[in-house]
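Dear colleague,

I am passing on a structure that you have not worked with before, and below it I have set out what was found in it. Please read the text with the structure open beside it.

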Amino acid sequence: SFNPDLHCCLHLATPVLSRISPELRPLLSSVVRNGRVGLDSTNCLRISDLKTGCTSLTPGPCCDRFKLHIPYAGETLKWDIIFNARDPELPPDFIFGEDAEFLPEPSELPHLVAWDAANPECLLQLVKELVQQYHSYQCQRLRESSRLLFEYESLLQDPQYGLSMEIYAGRKNSWTGEFSARFLLKIPVDFSNIPVYLLKDTALDPGEDVALLSVSFEDAEATQVFPKLYLSPSIEHALGGSSALHIPVFPSGGCLIDYVPQVCQLLTNKVQYVIQGYHKRREYVAAFLSHFGMGVVEYDAEGFTKLTLLLMWKDFCFLVHVDLPLYFPRDQPMLTFQSIYHFTSSGQLYSQVQKSYPYSPRWDGNEMAKRAKAYFKTFIPQFQEGAFANGKL
Amino acid sequence: METADPGPADGEERVVELRPRTRSNPEGAEDRRSSGSGNGNSMNSSANQPAVGSRVDGEGEASTSDAPPTAATPSSAAAVATVTAPAAKERPKSSQPTPVPQVPTAAEFHLRAPRVNCPEKVIICLDLSEEMSLQKLESFNGSKTNALNISQKMIEMFVRTKHKIDKRHEFALVVVNDDALWLSGFTSDPRELCSCLYDMETNICEAFNLEDLLNVILHKIDLPLMENVQTIPPPFVVRSILIYSRHAGHLQFSPSEAVSKMLQSPYFFFDVVHLHNGAEESGEESSWKDIYSTFCSLDSKGMGYRFEVSLSGPALELHNCMAKLLSHPLQRPFQSHASYSLLEGDDAQEIEATV
């Protein structure tokens, strides 16, 4: 699953790297610092279990073998990479975890064929090529289930999804002996028009904004299917938080080639709502400033999520705080009227909230401002009366 | 810290710099100079656009920026006091009140920060001279009350309201007797400030030492220094609100260079509520109007708010001044343009706004 803490990875890497034999360090540095191998760009590659093949008399640092953790299709592959510190020019050997049957063809690995220890990127590129081979190997294994093979092949046909898939036709379920597989797909949604202010709050390195759909098939007949949506943290935040991850249940008897576009559409719609919401809020604020602008107190000049006005009626001043929701105009802005002069009996500011006043999402900003003004005129007298009756001066 | 842009000399046209699309500066939010359409961005800034929102062209909160090219050059700043030739879709500006008298000359250009609601650091300065205790203000129920009493309530209203609007705002409290004393702050918790607000006493004071007050403020703040005043929002602004009431003496004031610099900063604001006895005094004593005009002269940028309120008038007036002071200094209109009335002449005063 996603590891949101990219910084943690880089932080841990540094002491690890210092134990590696100096000649090998640049190769590993590329892997750990820049290495994003698969679809899941929020997870970095990790190194652990450093060992050395040298004798104990060799002065350190001289570690030349380690485990590389590679996020792939929602799993983490743990591959042993074995160099020889005494002969750092040579390419490493690999042990592919428990995947004893994964036997990549060396001639199909360009960066192995032309291994260049002087190129710091060489190991990273080789790992990428191996992961591609691993993917092909996994796809082959899908042949064990004609149903899942069909899922795979039908997705492959669609250029939108076929090119960005990771398949893990994993170990059989140890209890039931059932064959299971996981598909990890990149959902092609355009996030580029999401207002920038929504994305800036996350303290994380933004990296690539990405949406990934993971679908786990717990049985070969696809009767137990569990989809899950992953969004890069800033996108999730921009779309309203964890509720943005809600997707429909996988329909029984359904298939990916129908389901995945549905999810894509859902996400695209959410993005549209959010973008539209921003522009609509901005239009609203502009219209309100136009109608009430000379009495503006403050407004959110970045996301247009709030606005406060000072109004006067018969020499009495009032404030109106307007809160604009993320999915405006579908969701109605909340109005809070506040008296300048009164407090409540518990010493708070005297105010009154209105959530359901005359409103239509179909009105444009100008119309909303006009209607709001009309509403204020009808509401203010009773608000004022209430303040003087119930508030403390 | 410079307030003048070390670019073209005065008298030459300035080119508006396109706003960088930084993450904190989304398109359209601050650029008042782009076209009046809702999705304004800086793409239509032409060389003819004025670089600076000059005080005199009637630019208010809701004005469009389609200032005609003829009004653009700084040298004609003084001549555009009654600009009424906007683009066709604008309402005529001739109905606007004439601007405040202190029109800067072409040489006194003050760059204006973008209209962003950055956090404010508000320093509330309360004059504790005995005039604050005179029971002459008329409260809501007709009984008499004093200015200190009302000030305390309105300050509490002010800090609580600002905090409700934006929790990042910070507050400080200074009281002035013969000298200025920094009582509390900066704090973003209104309760902390309010706890110092009550239990105050007034006394007979000597002439108000404005220099001392400004020095106290100067030493407690650190104004932001931004590379580009017009396009990059500051991390915060500093605002002093002085509630002043004493009659005694002339308000002598010769600011040091450091204090002048502070006053000229585009991120420093000085607002005044001047409580007076309304009397036109003759003879040696200067009238309240002289003091008031000294305050006016402090405001070289023309962006401060000033209110004069009679000590024997309705307390309502005083409350209302504080309410008007709630406005964010970067987003509020020029004081002369401010208008709050809900009922009067609505449609005629609608002006297109850009955000």
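B:Ser265 counts as buried, because its relative accessibility is 0%, and buried means under 20%. Please bear in mind that this is a predicted model. B:Ser265 is found in the loop of chain B that lies between α4 (257-264) and β7 (268-276), and its side chain reaches the backbone nitrogen of B:Tyr267 at 3.0 Å.

A polar atom of the side chain of A:Ser30 lies 2.9 Å from the backbone oxygen of A:Pro120.

Turning to chain B as a whole, there are six helices and eight strands, and from the N terminus on these elements run β-β-β-α-β-β-α-α-β-α-β-α-β-α. Chain B has 355 residues, of which 56% count as buried, and its accessible surface comes to about 14,400 Å², with 50% of that belonging to carbon and sulfur atoms. Of the contacts in chain B with a separation of 6 or more, 75% are accounted for by residues 24 or more positions apart.

Six strands of chain B form an open sheet with mixed pairing, in the order β5-β4-β1-β6-β7-β8. At its edges are β5 (180-187) and β8 (306-310) of chain B, each of which pairs on one side only, and from one strand to the next the twist averages 15°. Within this sheet, strand β6 (residues 237-244) of chain B pairs with β7(B) in the parallel sense over seven bridges, and B:Leu242 has B:Val272 in β7(B) as its bridge partner. Helix α1 (residues 147-165) of chain B lies across β1 (120-127), β4 (170-176), β6 and β7 of chain B, and runs at about 175° to β1(B).

Chain A also has an open sheet, made of four strands in the order β5-β6-β7-β8 with antiparallel pairing. Its edge strands are β5 (165-168) and β8 (225-231) of chain A, each pairing on one side only, and the twist from one strand to the next averages 15°. Four bridges join β5(A) to strand β6 (residues 181-186) of chain A, the two running antiparallel, and in β6(A) the residue A:Phe183 is the bridge partner of A:Ile167. Helix α5 (residues 146-157) of chain A lies across β5, β6 and β7 (211-217) of chain A, running at about 15° to β6(A). Helix α9 (residues 256-292) of chain A packs on the sheet as well, where it touches β6, β7 and β8 of chain A, and its direction makes about 150° with that of β7(A).

Strand β2 (residues 65-72) of chain A runs antiparallel to strand β3 (residues 75-82) of chain A and is joined to it by eight bridges, with A:Asp80 in β3(A) as the bridge partner of A:Lys67. The hairpin of β2(A) and β3(A) has two residues between the strands, and there A:Ala73 takes a positive phi near 50°. Three bridges also join β3(A) to strand β4 (residues 93-95) of chain A, again in an antiparallel arrangement, and A:Ile82 stands opposite A:Asp93 in β4(A).

How values were computed: Residues numbered from 1 in each chain as written. Chains lettered and ligands numbered in written order. Predicted model: local features only at pLDDT ≥ 70, side-chain atom pairs only at ≥ 80, totals over all residues. Heavy atoms only, no water. Buried < 20%, exposed > 50% of the residue type's maximum accessible area, 1.4 Å probe, protein only. Contact = heavy atoms within 4.5 Å. Areas by Shrake-Rupley, 256 points an atom, 1.4 Å probe, with all protein chains shown as cover. Pairing = 2+ DSSP bridges. Polar contact = N/O pair within 3.5 Å; in protein donor to acceptor, adjacent residues only side chain to side chain. Axes fitted to C-alpha atoms, helices over the stretch in contact; angles between N-to-C directions.
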